[in-house]
Amino acid sequence: MGENFEERRITRGDARREAIVRAARKICLEKGFSKITVSDIAGEVGMTRSLFYHYFPDKDAVADAVLDDVIDEILNRLDQWNHAREVGNVNKAMDDMVHLIRSLIADESPFSNRMIQDGNAGLYIRFIDRAADRIADYIAQTTVRDFEQLHGLPITNVHETFFTLIVGLISLVRSHPAIADSTIKQVMAQTLHIEGYIA
């Protein structure tokens with residue numbers, strides 16, 4: 001999956017549509033999604049409400065586009081992690097993954113507590129579900145295939161296992177930010193049945 005997600009995102013729509021998505025994302029972080037209006041978004045971009053409706057049928061459609069935008073960024077970072085992995089060095093890959101998870105849950109990220117405040121809980125759940133699905137798909141098509149070629153596959157139901165692991169880790173690290181990196185790594189290894197590959 002060598003495609004750069006940023007490049008794919010830019011070709012997906014025109015500049016005005018992208019400007020609407022960026023504006024909605026910015027305002028959402030400032031005010032919370034439940035408090036923004038179509039007028040807020042249109043005003044931030046410098047367009048009329050009627051022109052906004054040419055690109056999106058409603059505020060929820062913009063929210064979905066924002067979610068996809070954020071997930072594309074996450075997948076781009078995951079793609080960078082995957083390409084930087086040392087083949088066969090599962091221990092280092094797991095350490096690097098723990099650092100990536102922590103950075104995704106930092107205060108300004110979409111996984112942070114800030115996203116679920118101010119009536120954004122429904123949007124946050126949609127985001128988590130969509131992100132976990134796409135991340136699980138990516139990992140299954142890349143990292144898991146590489147691991148299987150070298151070591152065999154110690155788990156079944158790959159997508160479902162990674163979906164559950166991703167959602168669980170996001171919740172665990174967000175709820176318990178002081179949890180040790182070694183514990184996160186052990187939880188990942190135990191879930192994936194690869195304890196023998198980590199130090």
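Trainee: Why is Val66 called buried?

Mentor: Happy to walk you through that one. This is a predicted model, and in it Val66 has a relative accessible area of 11%. Buried means under 20%, so Val66 counts as buried.

Trainee: Where is Val66 found, and which residues does Val66 touch?

Mentor: Val66 is found in helix α5. Leaving out residues up to four places away in sequence, Val66 touches Val21, Ala24 and Arg25. Take Val21 as an example: Val66 and Val21 are 45 residues apart in sequence, yet their C-alpha atoms are 5.6 Å apart in space.

Trainee: Which residues is Ala42 in contact with?

Mentor: Setting aside neighbours within four places in sequence, Ala42 is in contact with Met47, Thr48, Arg49 and Phe52. As for Ala24, Ala42 is 18 residues from Ala24 in sequence and 8.9 Å from Ala24 in space, C-alpha to C-alpha.

Trainee: Which residues touch the most other members of the largest nonpolar core?

Mentor: Those are Ile41, Phe52, Phe56, Leu78 and Phe162, in a core of 63 residues. The largest share of this core, 12 residues, comes from helix α5, residues 59–84. Phe162 has contacts with Ala136, Ile139, Val144, Ile155 and Leu192, again not counting residues up to four places away in sequence.

Trainee: How do you know that α5 passes α8 at an angle?

Mentor: Look at the two axes. Those of α5 and helix α8, residues 121–141, come within 10 Å and cross at roughly 35 degrees. The crossing of α5 with α8 is right-handed. By class, the contact between α5 and α8 has 13 nonpolar, two polar and eight charged residues.

Trainee: Why is Asn157 called exposed?

Mentor: Asn157 has 51% relative accessibility. Exposed means over 50%, so Asn157 counts as exposed. The residue sits in the loop between α9 (143–151) and α10 (158–175).

Trainee: What is the phi of Asn157?

Mentor: Asn157 has a positive phi of about 50 degrees although it is not a glycine. As background, most residues other than glycine have a negative phi.

Trainee: Why is His193 called partly exposed?

Mentor: Set the value against both cut-offs. Buried is under 20%, exposed is over 50%, and partly exposed is in between. His193 has 48% relative accessibility, so His193 counts as partly exposed. His193 lies in the segment after α11, which covers 181–192. His193 also has a positive phi, about 60 degrees, although it is not a glycine.

Trainee: What makes Thr191 partly exposed?

Mentor: The relative accessible area of Thr191 is 31%. Thr191 has its place in helix α11. Not counting residues up to four places away in sequence, Thr191 touches Ile155, Thr161 and Leu165. Thr191 and Thr161 are 30 residues apart in sequence and 7.8 Å apart in space, C-alpha to C-alpha.

Trainee: And the chain as a whole: how many helices and how many strands are there?

Mentor: The protein chain has 11 helices and zero strands. Along the sequence the pattern reads α-α-α-α-α-α-α-α-α-α-α.

Trainee: What share of the residues in the protein chain is buried?

Mentor: Buried residues make up 44% of the 199 residues. The accessible surface of the protein chain comes to about 10200 Å², and 52% of that surface belongs to carbon and sulfur atoms.

Trainee: Among contacts between residues at least 6 apart in sequence, what share joins residues at least 24 apart?

Mentor: In the protein chain, that share is 68%.

Definitions and conventions:
Residues are numbered from 1 along each chain as its sequence is written. This is a predicted model: local features need pLDDT of at least 70, side-chain atom pairs count only at pLDDT 80 or more; totals for chains, interfaces and linings use all residues. Side-chain values use heavy atoms; hydrogens and water are left out. A nonpolar core is a set of buried Ala, Val, Leu, Ile, Met, Phe, Trp, Tyr and Cys residues joined through side-chain atoms within 4.5 Å. Buried means under 20% relative accessible area, exposed over 50%, partly exposed in between (1.4 Å probe, protein chains only). Helices (H or I, at least four residues) and strands (E, at least two) are DSSP runs, numbered from the N terminus. Contact means heavy atoms within 4.5 Å. Axes are lines fitted to C-alpha atoms, for helices over the stretch in contact, and angles run from 0 to 180 degrees between N-to-C directions. A crossing is left-handed if the near helix is turned anticlockwise from the far one by less than a right angle, and right-handed if clockwise. Ala, Val, Leu, Ile, Met, Phe, Trp, Tyr, Cys and Pro count as nonpolar, Asp, Glu, Lys and Arg as charged, and the others, Gly among them, as polar. Accessible areas come from the Shrake-Rupley method with a 1.4 Å probe; for residues, only the protein chains shown count as cover.
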